[in-house]
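Please look over the structure shown here, and then read the short briefing that follows it, which is grouped by topic.

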Amino acid sequence: MILVTGASGGVGRAVCLQLAARGEHLLLTARDEDRLTALAAEVHAAGGTARVLPCDLRDQQAVARLAEAVLAEHGTPSAVISLAGHSIRRSLEASFGRPHDLVRLTGTNLLGPATLLLAMLEAMCGAGSGRIIAVTSASARIPTPGWAAYGASKAALDAWLRAVRPQASQHGVRIAIVELPLVATAMAAPTYGSAPRGALSPERAARRVLHAL
């Protein structure tokens, strides 16, 4: 059983459909229950199975309930693919008076994922096996004007995972980090358009994620 966060759109949806073609059983989580339900139907049609567990990763109590439900009702996942993310592009001048942008991005890109992953890591370490695949961004390594808050939140998750990875491996749990470049998704469209030159398609990005898996 594989838990996928940020499952409902873009790279997440493509990952889930490629896993479905392998006959995997998936736990799907994201904020939009209707989109998750539609995706679950696509997963079943593609040869997999799926359960829907809506959750807003910015809500720490909701994340705790999600982790409890996963472990109590479904057991320890064989893998977690952490894809949930949110981006905001703002110049320095447009960021003045908007510290809440940092709060929003940190909640979605660092605190929520890390809270969920900690619960899954505890169970996986106890079981002696498991895999974590976390999708971050090239922005974590290449700071870019306009993407300061986004890059910082992704870099923070990256650094946290790299720090816990050696100890997790001692318990049989492997952690891989996939730093994706620009992908042609709805999240990128407001800045780069619907077909940005040189961007990966969601399907190609998904293949990179599954290669890490």
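In this predicted model, a search of the whole structure finds one aromatic pair.

**Helices α5 and α6**

- Helix α5 (residues 100-127) and helix α6 (residues 148-169) have axes that come within 8 Å and cross at roughly 15°.
- Because angles under 35 degrees count as roughly parallel, α5 is described as roughly parallel to α6.
- The crossing in which α5 passes α6 is right-handed.
- On the α5 side the contact includes Leu 102, Leu 105, Leu 110, Pro 113 and Leu 117, while on the α6 side it includes Tyr 150, Leu 157, Trp 160 and Leu 161.
- Sorted by class, the residues in the contact of α5 with α6 are 15 nonpolar, three polar and one charged.

**Helices α1 and α8**

- The axes of helix α1 (residues 10-20) and helix α8 (residues 202-212) come within 8 Å, and they cross at roughly 65°.
- The crossing of α1 and α8 is right-handed.
- From α1 the contact is made by Gly 10, Val 11, Ala 14, Val 15, Gln 18 and Leu 19, and from α8 by residues including Pro 202, Glu 203, Ala 206, Arg 207 and Leu 210.
- The contact of α1 with α8 has nine nonpolar, two polar and two charged residues.

Key. Residues are numbered from 1 along each chain as its sequence is written. This is a predicted model: local features need pLDDT of at least 70, side-chain atom pairs count only at pLDDT 80 or more; totals for chains, interfaces and linings use all residues. Side-chain values use heavy atoms; hydrogens and water are left out. Axes are lines fitted to C-alpha atoms, for helices over the stretch in contact, and angles run from 0 to 180 degrees between N-to-C directions. Helices (H or I, at least four residues) and strands (E, at least two) are DSSP runs, numbered from the N terminus. A crossing is left-handed if the near helix is turned anticlockwise from the far one by less than a right angle, and right-handed if clockwise. Contact means heavy atoms within 4.5 Å. Ala, Val, Leu, Ile, Met, Phe, Trp, Tyr, Cys and Pro count as nonpolar, Asp, Glu, Lys and Arg as charged, and the others, Gly among them, as polar. Angles under 35 degrees count as roughly parallel, over 145 as roughly antiparallel, 65 to 115 as roughly perpendicular and the rest as oblique. Rings of Phe, Tyr and Trp (its six-membered ring) pair if their centres lie within 6.5 Å; planes under 30 degrees apart count as stacked, over 60 as edge-to-face and the rest as tilted.
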